[in-house]
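Hello,

I am passing on the structure we talked about, and below it you will find my notes on what turned up.

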Amino acid sequence: MDDLIEKIISERNRIAEEFFNKKKILLYDVGEKISQSLKNGKKILIFGNGGSAADSQHFAAELVNKFKKKRRAIPSIALTTDTSILTSVGNDSSFEEIFSRQIEALGEKEDWAIGISTSGISSNIIRGLEKARELGLHSLALTGEGGGKLKSISEYLIDVPSRETPRIQEFHILILHIIAEIIENELSP
């Protein structure tokens with residue numbers, strides 16, 4: 001048992017060191033750019049599957065309600081929460097279109113689309129970010145090592161240097177917390 005825990009902690013520490021050495025500036029830059037868009041009246045549309053869907057909802061809640069400060073609500077929508085839209089699009093069209101249709105309906109030029117996929121090859125995330133690009137939204141992909149197909153589709157890629165889904169997901173929530181804190185500090189100094 002101790003060996004398993006030590007192995008997990010050791011791997012987490014290795015990922016943290018490599019990630020922050022390579023991605024710290026990009027992470028701050030993306031947080032600043034999202035903040036500027038929000039100051040200009042834009043919004044965030046965020047989406048993912050499974051655990052990444054939960055992370056999307058968590059992030060949107062942090063922004064709409066509060067992260068660490070009591071302040072005005074920040075416009076952020078998790079595209080994973082409307083079961084009627086998800087099941088309607090999934091049934092009538094395709095599961096691959098569940099996010100692209102919502103981006104088409106809700107997205108406006110200069111908004112932000114954030115797609116989360118540990119593999120970087122989830123077809124509905126790919127289609128969502130393709131639709132965002134087509135409509136002139138900014139896009140950010142959070143993925144595992146290398147970014148998969150999302151690397152060539154997203155405007156910004158923050159990939160975690162791991163191929164282990166649990167480790168990648170742990171860093172995705174950390175990344176989203178860092179971005180939430182940057183946004184909150186920028187919008188409510």
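**The middle of the sheet**

Strands β3 and β4 run parallel and are joined by six bridges. Please keep in mind while reading that this is a predicted model. Within that pairing, I114 has L140 of β4 as its bridge partner. On to another neighbour of β3: β1 pairs with β3 in the parallel sense as well, over five bridges, and here I44 is partnered by W112 of β3. Strand β4 (residues 138-143) is also joined to β5, by four bridges and again in parallel. In that pairing L140 sits opposite Y156 of β5.

Put together, this gives an open sheet of five strands with parallel pairing, in the order β2-β1-β3-β4-β5. The edges are taken by β2 (76-78) and β5 (156-159); each has a single partner strand, so one side of each lacks a neighbour in the sheet. On average, neighbouring strands are turned by 15 degrees against each other, direction ignored.

**What packs on the sheet**

Helix α1 (residues 2-39) packs on the sheet and touches β1 (44-48), β3 (112-117), β4 and β5, with its direction at about 140 degrees to that of β5. Helix α2 (residues 51-64) packs on the sheet too, where it touches β1, β2 and β3; its direction makes about 155 degrees with that of β1.

How many residues of β3 are buried? Six of its six are, so to speak, under cover: the strand is mostly covered.

The largest nonpolar core has 30 residues, and the members that touch the most others are I34, I44, I46, F59, L140, I179 and I183. Two or more residues each come from α1, β1, α2, β3, β4, β5 and α7 (165-187). Leaving out neighbours within four places in sequence, I183 is in contact with G31, I34, S35, L38, I44, F59, L63 and I74.

There is also a second, separate core of 18 residues, which includes V89, A113, I125 and L157.

**Aromatic pairs**

Searching the whole structure gives four aromatic pairs. In one of them, the rings of F19 and F20 have centres 4.9 Å apart and planes at 85 degrees, so this pair is edge-to-face. F19 is buried, at a relative accessible area of 1%, whereas F20 is partly exposed, at 24% relative accessibility. Another pair is made by W112 and Y156, with ring centres 5.8 Å apart and planes at 25 degrees, so this one is stacked. That pair links distant parts of the chain, since W112 lies in strand β3 and Y156 in strand β5, 44 residues apart. Both W112 and Y156 are buried. One aromatic cluster is formed by F19, F20 and F171.

**A histidine in α7**

Is H172 buried or exposed? This histidine is in helix α7 and is buried, with a relative accessible area of 0%. Not counting residues up to four places away in sequence, H172 touches D55, I116, S117, T118, L142, T143, G144 and V160.

**The chain as a whole**

The protein chain has seven helices and five strands, which follow one another along the sequence as α-β-α-β-α-α-β-α-β-α-β-α. Its radius of gyration is 16 Å, close to the 16 Å that the globule rule gives for 189 residues, so the chain is as compact as a globular protein of that length. Taken along the principal axes, the C-alpha atoms fill a box of roughly 50 × 40 × 30 Å.

Of the 189 residues, 47% count as buried. Among contacts between residues at least 6 apart in sequence, 71% join residues at least 24 apart.

Technical notes: Residues are numbered from 1 along each chain as its sequence is written. This is a predicted model: local features need pLDDT of at least 70, side-chain atom pairs count only at pLDDT 80 or more; totals for chains, interfaces and linings use all residues. Side-chain values use heavy atoms; hydrogens and water are left out. Two strands pair if DSSP finds at least two bridges between them. Axes are lines fitted to C-alpha atoms, for helices over the stretch in contact, and angles run from 0 to 180 degrees between N-to-C directions. Contact means heavy atoms within 4.5 Å. A nonpolar core is a set of buried Ala, Val, Leu, Ile, Met, Phe, Trp, Tyr and Cys residues joined through side-chain atoms within 4.5 Å. Buried means under 20% relative accessible area, exposed over 50%, partly exposed in between (1.4 Å probe, protein chains only). Rings of Phe, Tyr and Trp (its six-membered ring) pair if their centres lie within 6.5 Å; planes under 30 degrees apart count as stacked, over 60 as edge-to-face and the rest as tilted. The radius of gyration is taken over C-alpha atoms; the globule rule is 2.2 Å times the number of residues to the power 0.38.
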